[in-house]
Amino acid sequence: MHNIYNDGINQGMKEGLTLYDQTFSSRLLVGTALYQSPDIMAQAIAASGSEMITLSLRRQDPSNNQGHTIWQHIQQSGCALLPNTAGCHSAQEAITLAQMSREMFATDFIKLEVIGDDYNLQPDPFETVKAAEILIKKGFKVLPYCTDDLVLCQRLLEAGCQVLMPWGSPIGTGKGLMNPYNLQAIRERFPTTSLIIDAGIGKPSQAMAAMEMGFDGILLNTAIAKAHNPILMAQAFAQAVNGGRQAYLAGLMESRQTASPSTPILGTPFWQQK
Amino acid sequence: MTQISIRINGEDITVSAQSSISQALILSPAVGDEKSFVIALNQNFIPRSQYDCTLLKAGDDIELLSPMAGG
């Protein structure tokens, strides 16, 4: 039997994740760091189904070939590249690193990361906005890593960002969605902006919760790389992200304070005994 | 010929005055066999097309970076 509801959901699932002028069928973006080996990294990326992966630029130790091996595996993955500006503490540092990344990786995409505090790796909102304004003018497609502050998100959109990446919680903590209220407010305030939860996701259930809220994608690294079996965990995250997206498209029921029977009351047996 | 001291990835190296970035890279152990790298000079990005024509001064600081894993 033809199901009219399936048409809408299937269409919604096909729409994919829009990042500036490009669309990706996978809504899961994964990092390439912290893996036991480049080979496990490559297998985990493939298992995740991700079509965009993050990477960085660093000083190379000429006596250590590992960076070169990782780069070879990344190139062979066929994924779009999202270089980051991890480790930068000022707009100027981030701009320089973004320009270097564009030449190295031949992409305008940049994950803008300007850290304001080393204790929790919290983004510096002021320097992030400053860098975003300049990078957008230079033709970059900026994906800013930011906090869940509504006004900061507004400023980044005004700077020209078409994608926002608020944190779930600090990088590497695995604490999930620290401030669901703030995240929900950002989702509702900017209904047409592509929103990706970046950082802090430790479990597939947390990724699914974000997707159920209507977020457009998830970016994570540590939860997969540090799993006992990264390849299996990558599959788990892929399913969670898809499941959360389907649930969002299907429409969640309203929660309520009091119990409500799901089985019909009419015709309840043994009624007359009461 | 006058020699000047510059830094590449935090290591001091000595090059001839008026050396270009390309000439300095030949002398740098930081480069090794690495082909995939990009450069900043005194924290400003220098496109590859300008390595030959950018001349170095004493105290210049070159950052030479290559692809690496990242989150």
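Glu158(A) sits out in the open, with a relative accessible area of 57%. Its salt-bridge partner is Arg155(A), and the closest N and O atoms of that pair are 3.6 Å apart. Keep in mind that this is a predicted model.

**Chain A at a glance**
- Chain A has 10 helices and 12 strands.
- Its C-alpha atoms fill a box of roughly 85 × 40 × 40 Å, taken along the principal axes.
- Of the 274 residues in chain A, 48% are buried.
- Take the contacts in chain A between residues at least 6 apart in sequence: 65% of them join residues at least 24 apart.

**Helix H6 of chain A**
- Glu158(A) and Arg155(A) are both in helix H6, three residues apart, or about one turn of the helix.
- An α-helix has 3.6 residues a turn, so residues three or four places apart point the same way.
- Arg155(A) is partly exposed, at 40% relative accessible area.
- Which residues of H6(A) are buried? They are Leu152(A), Cys153(A) and Leu156(A), in a helix that runs over residues 150-158.
- Looking down the axis of H6(A), you find those buried residues within an arc of 100°, so they line one face of the helix.
- What do they pack against? The buried residues of H6(A) meet helix H5 (125-137), strand S9 (141-146), strand S10 (163-166) and helix H7 (180-189), which also belong to chain A.
- Just past H6(A) comes Gly160(A), which has a positive phi of about 115°.

**Salt bridges within each chain**
- Searching the whole structure turns up 11 salt bridges over all chains.
- Side chains of opposite charge can pair when their charged atoms come close.
- In chain A, Asp216(A) and Arg187(A) form a salt bridge through their side chains, at 2.7 Å from N to O.
- Asp216(A) is in the loop between helix H8 (204-212) and strand S12 (217-220), while Arg187(A) is in helix H7, so this pair ties together parts of chain A that are 29 residues apart in sequence.
- Are Asp216(A) and Arg187(A) buried or exposed? Both are buried.
- Arg27(A) joins in too: together with Arg187(A) and Asp216(A), it belongs to a network of salt bridges.
- Over in chain B, Asp60(B) and Lys57(B) pair up through their side chains at 3.4 Å, N to O.
- Asp60(B) is buried at 3% relative accessible area, whereas Lys57(B) counts as exposed at 52%.

**Where chain A meets chain B**
- The two chains bury about 2,200 Å² between them, and 58% of that is on carbon and sulfur atoms.
- Chain B puts 26 residues into the contact and chain A puts in 27.
- How many salt bridges cross this interface? The rule finds one.
- That bridge joins Arg59(A) to Glu63(B), with the closest N and O atoms 2.4 Å apart.
- There are also 12 residue pairs in polar contact across the interface.
- On the side of chain B that touches chain A, the elements giving two or more residues are strands S3 (38-41), S4 (44-46) and S5 (61-69).
- S5(B) supplies the largest share of that side, seven residues.
- Sorted by class, the chain B side has 15 nonpolar, eight polar and three charged residues.

Technical notes
Residues numbered from 1 in each chain as written. Chains lettered and ligands numbered in written order. Predicted model: local features only at pLDDT ≥ 70, side-chain atom pairs only at ≥ 80, totals over all residues. Heavy atoms only, no water. Buried < 20%, exposed > 50% of the residue type's maximum accessible area, 1.4 Å probe, protein only. Helix = DSSP H or I, 4+ residues; strand = E, 2+ residues; numbered from the N terminus. Arc of directions from axis to C-beta. Contact = heavy atoms within 4.5 Å. Buried area = accessible area lost by both parts, 1.4 Å probe. Salt bridge = Lys/Arg side-chain N within 4 Å of Asp/Glu carboxyl O. Polar contact = N/O pair within 3.5 Å; in protein donor to acceptor, adjacent residues only side chain to side chain. Nonpolar A, V, L, I, M, F, W, Y, C, P; charged D, E, K, R; others polar.
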